[in-house]
Amino acid sequence: ELKSSAGSLDVELTAARGRVRINGRYASMLCYNGMLPGPTLRLRAGDRLNLSLRNDLDEATNLHVHGLHVSPEGRGDNPFVRITPGSSFDYGYELPASHPPGVYWYHPHLHGTVADQVSGGLYGAIIVEDPEPIAASRERVLVVSDVSLDSAGSLRRPTAMERMMGRMGEVVLLNGQVRPRLEIRTGERERWRVVNTCVSRFLRLRLDGQRLQLLGVDSGRRPVPASVEEVLLPPGGRADLLVVTTAGTSRLRALPYDRMGAGGPGNMGGMMGGSDGGGHTLATVEAAGAGAPSPAPVPARQAQRDLRSATPAVHRELVFSAGFGGMMGRGPGGTGFAINGSEFNPDRTDVRAEAGTVEEWTLVNSSPMDHPIHLHVWPMQVVDSPRQVLDDPDWRDVVNVPANERVRVRVAFDDFVGRSVFHCHILDHEDSGMMAVIEVR
Ligand code: C2O
Ligand code: CU
Ligand code: CU
């Protein structure tokens, strides 16, 4: 863990091939600073993060700070940077004093290589601390990832079908380990910061036999924690949880999720690789020892902004389509993964928004599979969705648009200008072209 002090944090990251031990066996993966996951960065609102990234991979890379509300220009969270092998790039990010606390993460973002590099092991968590601490006897950062390794312990290349559906790694890891044991003192309140870094896997998180107290997802914070049985994290999504366990052993699980239109006819997801069958155990949780005194109540949250009463300057419709590599009517050459009919082109600007305005976007999924849509820099407030309960302002940076459904969101472009992107966070879809450029001026 690397923690800011006196308003800044200087970090040196090196991306390189590395050998890591996964449950007693060596695996050859891609790592930041030789670690899996990379170091956790702890920041506060108002901090400056100076991050120097050295590329010791044999291919180009770059870095994205997922979910952070920082400038997309210059040496900030600029998705158009390309760092060639053997060279370095110095990023500098200024978090505004009003930056929301929560769980964020970093990963490479060079179009065409993102799924390979992230599933290869390049990811790490970023925590923006609360202005007022929440009492917990222990805080854990739980980074969930998945990977497919061959019998020699090397990264396995995905098949064409896996790229089309979005690959799901055969091994699911929690902090780089298969099903680790988490020891907890019975009755003590822990804080769990969960990050879903999987390329395509949705995590329906559940701790058997217990309820979870959900503080928020992404940068969204609830005024009071919600008591829930499970939390659905799309690829790229995060959850901030409080957990109080009863004595004994329980399992932290990811329940099965079908990305091919849950509840639809037949088992399309299972046939085509869009479902994770029986789900996965992420960790076993062992609670023992004496009960601790009951923890202090969670301090009330500042009310979040609510754009439902705003008047949008512009209404846009954005259609996300998957032509299945030409099988469904695309000509040769195109991958078929497109937004409003076009595949990603970094030289084209798809959406021009005016600084200081609020826009309403209708995200339309015209394909038979879910697409979790992610916008850089500016968070989205979900205002209408077929699946979610919208009981308070629902702020997120990854919004799942279920197969053949539509979701309405609002975005306030009230600070930061520049060019950035939005895309499907099934990173194989992003690499295949389901990404577009937004420019705010
Ligand atoms: Cu986490 Cu543009 O990505
Ligand atoms: Cu992002
Ligand atoms: Cu997608």
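**Figure 1. The three domains of the chain.** In this predicted model, the chain is divided into domain 1, which covers residues 2–128, domain 2, which covers residues 138–288, and domain 3, which covers residues 307–440. Where domain 2 meets domain 3, 20 residues of domain 2 are in contact with 22 residues of domain 3. Sorted by class, the side of domain 2 that touches domain 3 is made up of 7 nonpolar, 8 polar and 5 charged residues.

**Figure 2. The open sheet of 6 strands.** The strands of this open sheet follow one another in the order S11-S10-S13-S18-S15-S16, and their pairing is mixed. S11 and S16 stand at the edges and have a single partner strand each, so one side of each is left without a neighbour in the sheet. On average, and with direction ignored, neighbouring strands here are turned by 30° against each other. As a reminder for reading such a view, strands of a sheet pair through backbone hydrogen bonds, and they do this in either a parallel or an antiparallel way. Within this sheet, S15 and strand S18 (residues 238–244) pair in the antiparallel sense over 4 bridges, and Val217 has Ala239 in S18 as its bridge partner.

**Figure 3. Strand S10 and its two partners.** Strand S10 runs over residues 138–147, and because 7 of its 10 residues are buried, it is largely enclosed by the rest of the structure. With strand S13 (residues 189–196), S10 pairs in the parallel sense over 7 bridges, whereas with S11 it pairs in the antiparallel sense over 4 bridges.

**Figure 4. Val144 in the largest nonpolar core.** In soluble globular proteins, nonpolar side chains tend to be buried together. The largest nonpolar core of this model has 104 residues, and those with the most contacts inside it are Ile126, Val144, Val194 and Val399. If neighbours within four places in sequence are left aside, the residues in contact with Val144 are Val172, Leu174, Val194, Val195, Asn196, Thr197, Cys198, Leu203 and Leu282.

**Figure 5. The open sheet of 5 strands.** This open sheet has the strand order S12-S20-S19-S14-S17, again with mixed pairing. Its edge strands are S12 (181–185) and S17 (231–233), each of which pairs on one side only. Neighbouring strands of the sheet are turned by 25° against each other on average, when direction is ignored.

**Figure 6. Strand S31 between two partners.** Strand S31, which spans residues 435–440, is mostly covered, as 5 of its 6 residues are buried. Strand S23 (residues 351–353) pairs with S31 in the parallel sense over 3 bridges, and in this pairing Arg352 stands opposite Glu439. Strand S30 (residues 418–424), on the other hand, pairs with S31 in the antiparallel sense over 6 bridges, and here Phe422 stands opposite Ala436.

Figure 7. Most residues other than glycine have a negative phi, and most peptide bonds are trans. Against that background, a cis peptide bond joins Leu36 and Pro37, with an omega of about -10°, and Pro37 is found in the loop between strand S3 (25–32) and strand S4 (41–43). Arg179, although it is not a glycine, has a positive phi of about 45°, and its place is in the loop between strand S11 (171–174) and S12. Asp218 is not a glycine either, yet it has a positive phi of about 50°, and it sits in the loop between strand S15 (212–217) and strand S16 (226–228). The surroundings of these last two residues can be compared by counting C-beta neighbours inside 10 Å: Arg179 has 16 and therefore counts as partly exposed, while Asp218 has 27 and therefore counts as buried, the cut-off for a buried residue being 20 or more.

Methods:
Residues are numbered from 1 along each chain as its sequence is written. Chains are lettered from A and ligands numbered from 1 in the order in which they are written. This is a predicted model: local features need pLDDT of at least 70, side-chain atom pairs count only at pLDDT 80 or more; totals for chains, interfaces and linings use all residues. Two strands pair if DSSP finds at least two bridges between them. Helices (H or I, at least four residues) and strands (E, at least two) are DSSP runs, numbered from the N terminus. Axes are lines fitted to C-alpha atoms, for helices over the stretch in contact, and angles run from 0 to 180 degrees between N-to-C directions. A residue is buried if 20 or more other C-beta atoms lie within 10 Å of its own, exposed if 12 or fewer, and partly exposed in between; C-beta atoms are placed from the backbone. A nonpolar core is a set of buried Ala, Val, Leu, Ile, Met, Phe, Trp, Tyr and Cys residues joined through C-beta atoms within 7 Å. Two residues are in contact if their C-beta atoms, placed from the backbone, lie within 7 Å. Domain bounds come from an automatic or database domain assignment. Ala, Val, Leu, Ile, Met, Phe, Trp, Tyr, Cys and Pro count as nonpolar, Asp, Glu, Lys and Arg as charged, and the others, Gly among them, as polar.
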